[in-house]
Structures are given as structure tokens and as C-alpha cells.
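Welcome, and please open the model in your viewer with the sequence panel beside it. We will go from one selection to the next and look at what each one holds.

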Amino acid sequence: MEHSFWHSKWQKNEIGFHEPKGNALLVKYASFLLGDEASEASLKRIFVPLCGKTRDIGWLLSQGCDVVGAELSELAVIQLFEELDVKPTVTTTANGKIYAKDSLTIYVGDIFKLTPTDLGEVTGVYDRAALVALPSPLREQYAAHLMAITQCAPQLIISFEYDQNEMAGPPFSVNEDTVLSLYSDNYTINRLERSVLKGGLKGKVEADNLVFALHV
């Protein structure tokens, strides 16, 4: 999918994929990435690929996490920091820009140019809007790249399943078989939930929520 498609979406404010209140399924299953209150306290550094300006970042920060994101649209990142009421430091690199402040770092640019050295060590990956944003031909490349740069860190994936013939993506339908085909060689995969998406996807087509936990 061309970069211009996503830049246009943000410039026109066509961001129906952006959840204004954050994602309830993240809150419900966050313990997979963050541990529970009884576990030993340790710093969690969570990577959010193709993050946009998701409010999930604010929630993760409120849980004491360091959050690292990657986003193509600089406009989305500017709006993210504005909505968090945080003034970032902006650094220009060979592959894009880095917006950072305290526990939050966002890489602006093509995620496929992000290296393990750029990203650093992460303890988990939260993928709500990345895998479902990519058309089928790009998913295998994305999954391989994500595993390489995160060293197969645990992942919490939230996706949708619906009849792709009834509506063109994005977000695209990403079912359990797709997740297994992309990740089962490197992870143990547990489906945590399948539930009906109330109101359907974009109010246009019946869909199910799917939540997966991936760990080595």
C-alpha cells in the first residue's frame, strides 16, 4: 500500500480507524504484556507499530510503561503529543524523525527501515492497527521484519475477521489461520477471545474481534 494513501487519510482527517477512547480489549488482556500486580516489578518497554495517535499509548504510559511507536504520518505523531499535552524533542535521522519525551518515543517514517539498533530492546509488542492495516502481500514482510527488530518479543494482537467480499479494507480481515501462517514457526499462539464486534465494522459489515497472545 502506497505511503501516499495513509498521508492522505491523515491530512483529510479520514481516521475512522482511530478509537477516541482507546481499546477495551487492551485493558482486558494487558496483563499478558505487563504482568500482574503480584509479579516482580520491572520496567516494561512496549512497541506499538503503525501507532497513529492511538489513545492506547496514553493508557500504556499510565501503567508505568515506556512506549516506543512507529508511524508513517508525522501529522499523526504531532497530534499524539498535542493530545497528551507533551512537548517532544524532535531529532532528524537518515531514515526519518524521532519524537521523544520522557517515557515515550515515536519513530516517524517507514517501519521497514527501522532497525533493531534503532528500536532497542522491547519487552512486548501491542499490535492493534498494524497487521489489519496491511494488504495480504505486505503481511509476510511485515511479520518477518517485526520479529527481526523485536527479537520475537511477546505480542498481543487484536484483529478483525469479516467477509472481505463485503467491504474493502483497510482494516483488512485477518483471521486465525492468517496469524498462524505468519507466526507459528516462531511463536506459541493462543487465541484469547473471539467476540462479535458490536455495530459491525465501520457500521457496514458484521465482524468478529479476535485477540491473540504470542510468546516463544
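## Starting at helix α5

Select Asp-85 to begin: just after α5, this residue takes a positive phi of about 60°. Helices here are DSSP runs of H or I with at least four residues, strands are runs of E with at least two, and both are numbered from the N terminus. Before going on, note that this is a predicted model, in which local features need pLDDT of at least 70 and side-chain atom pairs count only at pLDDT 80 or more, while totals for chains, interfaces and linings use all residues. Residues are numbered from 1 along each chain as its sequence is written, and side-chain values use heavy atoms, with hydrogens and water left out.

Now move to the other end of the helix. At the start of α5, a side-chain oxygen of Ser-73 comes within 3.4 Å of the backbone nitrogen of Leu-75. That is a polar contact, meaning a pair of N or O atoms within 3.5 Å; within protein, one must be able to donate a hydrogen and the other to accept it, and residues adjacent in sequence count only if both atoms are side-chain atoms.

Next, colour the buried residues of α5: Ala-76, Val-77, Gln-79, Leu-80 and Phe-81. Buried means under 20% relative accessible area, exposed over 50%, and partly exposed in between, with a 1.4 Å probe and protein chains only.

## Aromatic pairs

How many aromatic pairs does a search of the whole structure find? It finds two. Rings of Phe, Tyr and Trp (its six-membered ring) pair if their centres lie within 6.5 Å; planes under 30 degrees apart count as stacked, over 60 as edge-to-face and the rest as tilted.

Phe-81 belongs to helix α5 (residues 74-83) and Tyr-99 to strand β4 (residues 96-101), so the pair ties together parts that are 18 residues apart in sequence. Both Phe-81 and Tyr-99 are buried.

For the other pair, select Tyr-183 and Tyr-187: their ring centres lie 5.8 Å apart with planes at 80°, so the pair is edge-to-face. Tyr-183 is buried, and so is Tyr-187.

## Along helix α7

Show α7 as a cartoon. Its 15 residues reach 21 Å from the first C-alpha to the last, close to the 21 Å expected at 1.5 Å a residue; the expected span is 1.5 Å times one less than the number of residues.

Display the buried side chains of α7, among them Leu-138, Tyr-142, His-145 and Ile-149. What covers the buried residues of this helix? The cover includes β1 (45-49), α6 (116-119), β6 (124-127), β7 and α8.

Step past the helix to Gln-151, which follows α7 and has a positive phi near 55°. Then select Cys-152, in the loop between α7 (136-150) and β7. Cys-152 also has a positive phi, about 55°, although it is not a glycine, and it is buried with a relative accessible area of 18%.

Select Ser-159 in strand β7. Ser-159 counts as buried at 0% relative accessibility. A polar atom of its side chain lies 2.9 Å from the backbone oxygen of Val-174. Leaving aside neighbours within four places in sequence, Ser-159 is in contact (heavy atoms within 4.5 Å) with Val-132, Val-174, Asp-208, Asn-209, Leu-210 and Phe-212.

Which peptide bond joins Gly-169 and Pro-170, cis or trans? It is cis, with omega about 0°. Pro-170 sits in the loop between β7 (155-162) and α8 (176-183). The peptide bond from Pro-170 to Pro-171 is cis too, with omega near -5°.

## Last selections

Go to Lys-202, in the loop between β8 (188-196) and β9 (207-215). Lys-202 has a positive phi of about 60° although it is not a glycine, and it is partly exposed, with a relative accessible area of 47%.

Finally, colour by pLDDT, the predictor's confidence in each residue from 0 to 100. The protein chain has a mean pLDDT of 90, and 88% of its residues reach 70 or more. Over residues 14-18 the pLDDT is below 50, and this stretch has ten contacts in the model beyond near neighbours in sequence. Where pLDDT is low, the predicted coordinates should not be read in detail.
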